[in-house]
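User: I'd like a close look at one thing here: where the parts touch one another. Please walk me through the contacts, and spell out the cut-offs as you go.

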2 protein chains.
Amino acid sequence: MTIAYDGTGFYGYQIQPSARSVQEELEKALSRLHKGTVVRVSGSGRTDAKVHARGQVIHFDTPLSIPEERWPKALNSILPEDIRVLAAEEVPDSFHARFNACGKEYRYLIDLSPVQDVFSRNYAYHYPYPLDLEKMEAAAVHLIGTHDFTAFCSAKTEIEDRIRTISSISFSREGHLLTMSIRGNGFLYNMVRIIMGTLLDAGTGSTLPEELPRMLHSRDRTRTGKTAPGHGLYLHRVFYDN
Amino acid sequence: MTIAYDGTGFYGYQIQPSARSVQEELEKALSRLHKGTVVRVSGSGRTDAKVHARGQVIHFDTPLSIPEERWPKALNSILPEDIRVLAAEEVPDSFHARFNACGKEYRYLIDLSPVQDVFSRNYAYHYPYPLDLEKMEAAAVHLIGTHDFTAFCSAKTEIEDRIRTISSISFSREGHLLTMSIRGNGFLYNMVRIIMGTLLDAGTGSTLPEELPRMLHSRDRTRTGKTAPGHGLYLHRVFYDN
């Protein structure tokens with residue numbers, strides 16, 4: 001299933017003991033649909049508190065014989081308003097939303113208005129400072145390709161292999177809204193938000209585009225920019241082979 | 001002052017005894033800025049529960065000598081996040097936000113997505129039915145001009161004079177978002193929402209564009225469409241002479 005959620009009311013995608021999560025709401029709704037039987041949901045990956053999704057992908061096993069086109073309506077009638085099932089598809093037993101994902105696209109939204117847009121306050125990072133978009137693009141170029149992104153992930157990252165491939169980073173501006181789109185084969189913990197924070201530094205001039213290669217090579221989180229806030233981030237799409 | 005607010009958390013613009021209102025939040029913030037002295041605020045008009053504003057205009061009297069360009073920052077640092085002061089201007093004592101207004105523009109947003117867009121659920125009316133935009137425009141033309149809008153305002157309207165002039169109604173569509181913009185010299189209670197509801201009926205074909213003149217002449221609220229929900233409506237701009 002492809003799902004969208006407004007991250008504002010969630011402590012993240014993943015189930016946790018005493019905080020509202022997307023996974024818990026999905027499993028509650030599925031359990032109702034399965035007359036009380038517990039249904040475990042696997043997502044393509046976690047998203048943090050306040051982070052949104054327009055195209056998160058999840059899978060689960062079900063004995064129900066609901067036709068695939070009826071699933072969205074069936075679940076949406078039970079789910080809270082801040083989660084919507086956009087599409088459902090029957091997949092082979094071998095399919096796994098996380099292990100079969102071969103790439104992801106994230107977007108990061110920035111509200112450049114001098115006064116914060118009230119309607120974007122939970123949906124874009126308010127950053128009312130002059131930005132040189134060309135410098136942000138010049139800095140971003142250095143991140144394209146296959147690199148060790150240790151300097152661009154949370155110091156708390158437990159995974160050992162920090163080599164990832166970024167295939168594209170692009171910016172588009174419409175009015176006061178700046179959007180960064182980033183695609184890659186996988187992203188480490190906080191990686192998109194740290195890239196965004198670092199590229200904002202390039203935009204204000206506090207970091208030079210030429211410093212990016214050195215940041216990468218340093219493998220040192222203290223050399224890169226701030227972690228941009230979660231509420232500007234969207235899991236936009238998950239890619240699968242075939 | 002020109003202010004914007006997200007209507008989601010308000011029972012409307014106007015102060016009421018036990019419900020959160022925009023006016024109350026403004027007066028609380030101004031009272032803090034005036035060291036406890038009560039400051040009464042006058043708006044260009046009320047907006048209902050859930051209705052938003054991008055360009056509400058308010059005025060008040062103040063003995064403070066804060067330069068006009070500093071007012072937005074001073075108030076925004078006190079106001080809750082869902083109200084923002086966008087601009088401030090010193091006006092003659094004779095100015096009145098309501099009595100001097102010579103026109104208003106409202107916008108109404110409709111989410112046409114088959115599955116409701118989670119990010120628009122409080123900001124657009126979800127209407128996932130096929131709409132014939134040309135028919136909506138053909139119906140709207142009959143409302144342009146000076147008419148008695150009794151059939152297009154709430155039956156509870158107390159004001160006697162229901163003659164208003166609508167100068168334009170236009171539609172624009174971007175992706176799944178349809179926007180109606182409507183300008184006029186003044187609007188009666190629920191008038192924009194009833195116009196929207198009636199034009200949606202024209203869009204689905206349940207009302208014919210040619211029926212609009214008869215609806216106007218009937219002066220009968222039961223002949224017109226449903227009142228479209230408040231959360232799709234925006235007070236976009238208030239016009240003043242010079």
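Analyst: Let's start with the charged pairs: a salt bridge here is a side-chain nitrogen of Lys or Arg within 4 Å of a carboxyl oxygen of Asp or Glu. By that rule there are 24 salt bridges over all chains. The general idea is that side chains of opposite charge can pair when their charged atoms come close.

Some housekeeping before the details. This is a predicted model, so local features need pLDDT of at least 70 and side-chain atom pairs count only at pLDDT 80 or more, while totals for chains, interfaces and linings use all residues. Residues are numbered from 1 along each chain as its sequence is written, chains are lettered from A and ligands numbered from 1 in the order in which they are written, and side-chain values use heavy atoms, with hydrogens and water left out.

Now to chain A itself.

How do the two domains of chain A meet? Taking contact as heavy atoms within 4.5 Å, 16 residues of domain 1 of chain A touch 16 residues of domain 2 of chain A. Buried area is the accessible area (1.4 Å probe) that two parts lose on being put together, summed over both. Between these domains of chain A that comes to about 1200 Å², with carbon and sulfur atoms giving 55%. On the domain 1 side of chain A, D48(A), H52(A) and R54(A) lose the most area to domain 2, together 39% of what that side buries.

D48(A) turns up again in a salt bridge with R193(A), at 3.4 Å from N to O. The rule finds one salt bridge across this domain interface of chain A. For classes, Ala, Val, Leu, Ile, Met, Phe, Trp, Tyr, Cys and Pro count as nonpolar, Asp, Glu, Lys and Arg as charged, and the others, Gly among them, as polar. The domain 1 side that touches domain 2 in chain A has four nonpolar, seven polar and five charged residues.

Next, chain B against chain A. Each chain puts 22 residues into this contact, and the area buried between chain B and chain A is about 1800 Å², 60% of it from carbon and sulfur atoms. Strands (E, at least two residues) and helices (H or I, at least four) are DSSP runs, numbered from the N terminus. The interface of chain B and chain A counts six salt bridges, including R121(B) with E81(A), whose closest N and O atoms are 3.9 Å apart. On the chain B side, β1 (2-5), β3 (52-59) and β4 (83-87) each supply at least two residues. β4(B) gives the largest share, four residues. By class, the chain B side has eleven nonpolar, three polar and eight charged residues.

Finally, a pair within chain A: D82(A) and R20(A) form a salt bridge at 2.9 Å between the closest N and O atoms. D82(A) sits in the loop between α2 (71-76) and β4 (83-87) of chain A, and R20(A) in the loop between β1 (2-5) and α1 (22-33) of chain A, 62 residues apart.
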